[in-house]
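Visitor: I'm new to reading protein structures. Could you walk me through one?

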Amino acid sequence: MKSDEANFALPAFARYTQNVLLEEIWQRPQLLPRDRSIVTVAALTARHQPAEMARQFNLALDNGVTPTELAEVITHLAFYSGWGNATLAASIAKEVFETRGIAPTALADVKGNLLPVDEAFEEVRVAAVEQMIGPAFDALAGYTTSVLFHDLWLRPALTPRDRSLVTVAALVAVGQAAQIPFHVNKAMDNGLTQIQAAEIITHLAFYAGWPSAMSAADIAKGIFEKRSE
C-alpha cells in the first residue's frame, strides 16, 4: 500500500501517510493486521467515506478477513451506523468481490446455529435499557433484544470479539460517547485486552481524527481504572 496518488498533489500529506500511518501505525504489534483492517473498515463505513473503501476492503481480504467476514462486518454496521452507510459499503464490496473473482455463492447468508445467549449478561442489559429509555420506547427496547442481541450478535459469521471490534470502532469513529462505555466493557468481556482497546483508539486517531480519539481515550481511561479496582 503506497501513497503515490497523494504524493502527486500533496507531498506533505503523502509523507505523513507513508512514514507515519503505513510504516509506523499499521506495523505496531499491539493489534494484528487483521484487527486493524476490521477497525479501519468499520470507521470508513460508519463515517460514509468511500474514497478509501475499495483499497481497505482489498487490504482486509489480504490480511486474512474472509469474504464472508467482510460481508458480515458491513451487515453488522447497518445496525450501528445506519442502512445508508452499509448500503454504500456493500456496493463497493460487491465490486471488490467481483474483481477478485469471489462468487456470490461464497457469500451465502451464514446463519448456522446461533451462539448461546448469555443469560446473566442479558438480565443486566435488559434492565439497563429499560432504565435508560423507559416504557415509552418499548418497541425500540424489543428490537434491541430480538434483533440485535438475540440475533445479530449471536450470528456465527463473526466471533463476539470481532463484533466488538466493529462496534467500538464505529462508535468511536462517529463520536457516540454515550454508548462507548457499554461496548468497551463488552469488548473486554469478549476477550479484547486493555492494550488492544487502547490501540484501537490510537489507530482511529488517523481514521476518525484526533478529537474523536481523545474523547474516546478519556472515556476508556475511566473504564480501565474501574475494571482494575
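Visitor: How far apart should the ends of helix H9 be, and how far apart are its end C-alpha atoms?

Guide: First, keep in mind that this is a predicted model. Helix H9 covers residues 160–173, which makes 14 residues, and at 1.5 Å a residue they should span 20 Å. The end C-alpha atoms of H9 are 20 Å apart, so expectation and model agree.

Visitor: Is H9 largely enclosed or open to the outside?

Guide: To judge that, we look at how many residues are buried, meaning under 20% relative accessible area. In H9, 13 of the 14 residues are buried, so the rest of the structure largely encloses this helix.

Visitor: Which residue with a positive phi follows H9?

Guide: That's Gly 175, with a phi near 70°.

Visitor: Let's zoom in on one residue of H9. What does Ala 169 touch?

Guide: When we ask this, we skip residues up to four places away in sequence; what remains for Ala 169 is Val 39, Ala 42 and Leu 204. Ala 169 sits in helix H9 and has 0% relative accessibility, so it counts as buried.

Visitor: At what angle do H3 and H9 pack?

Guide: About 45°, with 8 Å between their axes. An angle of 35 to 65 degrees falls between roughly parallel and roughly perpendicular, and H3 and H9 are therefore oblique to each other. The crossing of these two helices is right-handed.

Visitor: Which residues make that contact?

Guide: From H3 come Arg 34, Asp 35, Ile 38, Val 39, Ala 42, Ala 43 and Ala 46. From H9 come Arg 161, Asp 162, Leu 165, Val 166, Ala 169, Ala 170 and Ala 173. Sorted by class, the residues where H3 meets H9 are ten nonpolar, no polar and four charged.

Visitor: What comes between H3 and H4, and where is His 48?

Guide: There's a loop between helix H3 (33–46) and H4, and His 48 lies in it. His 48 has a positive phi of about 55°, although it is not a glycine. With a relative accessible area of 42%, His 48 is partly exposed.

Visitor: Is Ala 89 buried or exposed?

Guide: Buried, because its relative accessibility is 0%. Ala 89 lies in helix H6. Setting aside neighbours within four places in sequence, Ala 89 is in contact with Thr 45, Met 53, Phe 57 and Ile 74. Take Thr 45: it is 44 residues from Ala 89 in sequence, yet their C-alpha atoms are 6.1 Å apart.

Key:
Residues numbered from 1 in each chain as written. Predicted model: local features only at pLDDT ≥ 70, side-chain atom pairs only at ≥ 80, totals over all residues. Heavy atoms only, no water. Helix = DSSP H or I, 4+ residues; strand = E, 2+ residues; numbered from the N terminus. Expected span 1.5 Å × (residues − 1). Buried < 20%, exposed > 50% of the residue type's maximum accessible area, 1.4 Å probe, protein only. Contact = heavy atoms within 4.5 Å. Axes fitted to C-alpha atoms, helices over the stretch in contact; angles between N-to-C directions. Parallel < 35°, antiparallel > 145°, perpendicular 65-115°, else oblique. Left-handed = near helix turned anticlockwise from the far one by under 90°. Nonpolar A, V, L, I, M, F, W, Y, C, P; charged D, E, K, R; others polar.
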